[in-house]
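Open the model in your viewer and keep the selection panel at hand.

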Amino acid sequence: MTEQLVISTGETVLFWVLAPLAVLGALSLLFARRVVHIAVSIAGVMVALAILYIALEAPFLGIAQIVVYTGAVMMLFLFVIMLVGVDSVESLAETLTGQRWIAVVGGVGLVALMIAVVTRAAFAEPVGLATVNVDSNPVGVAHLIFGDYIFPFELTAALLITAALGALVLSHRRRLGRKLGQKETVEAKLAAFASGAGATSVVSAPGPGVYARTNSADMPAIDAQGKTLDASITTVLRVRGQVHGQADATAQTTRAARIASGAPVIEADREEQLGTSAPAEVSSPEQASPAVDGPEATPPDERPGEPSKTGEGDEQ
Amino acid sequence: MSLINYLVLSGILFSIGAVAVLVRRNALVAFMGVELMLNAANLTLVTFARMHGDLHGQVLAFFVMVVAAAEVVIGLAIIVSIFRTRGSASLDDVNLLKN
């Protein structure tokens, strides 16, 4: 080879911009907490490497890098992260004592060793790919792949098909038991009702409570005895422990009863603000109407004033 | 600047990936470390291809890419199936063969 490779200033600038970015993105692998952040910054590293490939006179590999790594591999990673749980916390407990420090020291040693070897080795003068890439780089690579490397290339086809099949088999879940259709579900419900399972096995569960001030889904409904109905709240809220207790539901109905009876009512937050300044008989409605308080106070909803109001509403 | 800089960058990326595999306990993060190591090796191959004026290095990098894609598919499927059965993506929790 007669010609020598001359690295342009533009490529130098490109390298010194992209290399620190790539190293920074890669360092997130060690220091970032959230897995999503790591995946996105590794995708950025892949893009930086793709640009470097193009700078290294390998445009085919650069484009393939973007398509395969940024487009497919890292997005597959993101899918799996969403599947496995975005906010899965990593345990920081060491199972092998001192393993972390040994790993860090080993990594630093590896960097030092590789840099020492690479910088001290006597390489031949760089040639560059200008002569080889005469017919453009993809053509040159294609001549090699479909010439010298045609057999390994065909083998990769078998590899990819095997990998796709393997992924299907690994992620396949076998159905345990028969599939339950609409008919079977109805029959099972009716059979449960016939054996005395209660009415909620055939009719729909009660909806959440609707009160004077709230109809949110986390307030339980109250039955005729004044007890909260667990079935009126969705399972998710119950599992998370976000259900308002019986006290809240009772407070709502009690408040409605108090409004109906004409007793003075002050908002709960206003009540706290006024707590010091306001006179006791105004700021504490509990003392003003002790008879209305308590869970048993829900039936007195029907105060003398109430039916007349609803009656007027019906007439309109 | 010479082509050596690319090799140094590749060494740094490879070491970061290796330390991540050793240190991080999350299977997905460790797996991304493996991917980074493969990419660092690819960068070396492409750099040497340019240094020697020979496209064989690029072809080899291309095959590494293909094998890495297949490896990611299988590895992620294994991680998902382990997560389904054990309910965890931590490398420390996979210890059924212990004792």
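Helices (H or I, at least four residues) and strands (E, at least two) are DSSP runs, numbered from the N terminus. The model is predicted: local features need pLDDT of at least 70, side-chain atom pairs count only at pLDDT 80 or more, and totals for chains, interfaces and linings use all residues. Residues are numbered from 1 along each chain as its sequence is written, while chains are lettered from A and ligands numbered from 1 in the order in which they are written.

**Chain A.** Select chain A, which has 13 helices and two strands. Of its 316 residues, 20% count as buried (20 or more other C-beta atoms within 10 Å of a residue's own; 12 or fewer is exposed, in between is partly exposed; C-beta atoms are placed from the backbone).

**The side of chain B that touches chain A.** Next, select the 61 residues of chain B in contact with 70 residues of chain A; contact means that the C-beta atoms, placed from the backbone, lie within 7 Å. On chain B, α1 (4-23), α2 (27-52) and α3 (56-86) each supply at least two residues of this side. The most come from α3(B), with 21 residues. By class, this side of chain B has 43 nonpolar, 14 polar and four charged residues (Ala, Val, Leu, Ile, Met, Phe, Trp, Tyr, Cys and Pro count as nonpolar, Asp, Glu, Lys and Arg as charged, the others, Gly among them, as polar).

**α2 against α2.** Show α2(A), residues 35-55, with α2(B): their axes come within 11 Å and cross at roughly 5°. Axes are lines fitted to C-alpha atoms, for helices over the stretch in contact, with angles from 0 to 180 degrees between N-to-C directions. The two helices are therefore roughly parallel (under 35 degrees). Residues that meet here include I42(A), M46(A) and L49(A) from α2(A), and L36(B), N39(B) and L43(B) from α2(B). This contact has 15 nonpolar, one polar and one charged residues.

**α5 of chain A.** Select residues 137-145 of chain A; the buried ones are N137(A), G140(A), V141(A) and I145(A). They lie on the same side of α5(A), because their arc around the axis is only 130°, taken from the directions from the helix axis to the C-beta atoms. Their cover includes α3 (59-84) and α6 (150-171) of chain A, together with α3 of chain B.

**A192(A).** Finish in helix α7 (residues 182-194) of chain A, at A192(A). Is A192(A) buried or partly exposed? With 13 C-beta neighbours inside 10 Å, A192(A) counts as partly exposed. Beyond neighbours within four places in sequence, A192(A) is in contact with A197(A) and S201(A).

Conventions
Contact = placed C-beta atoms within 7 Å. Parallel < 35°, antiparallel > 145°, perpendicular 65-115°, else oblique.
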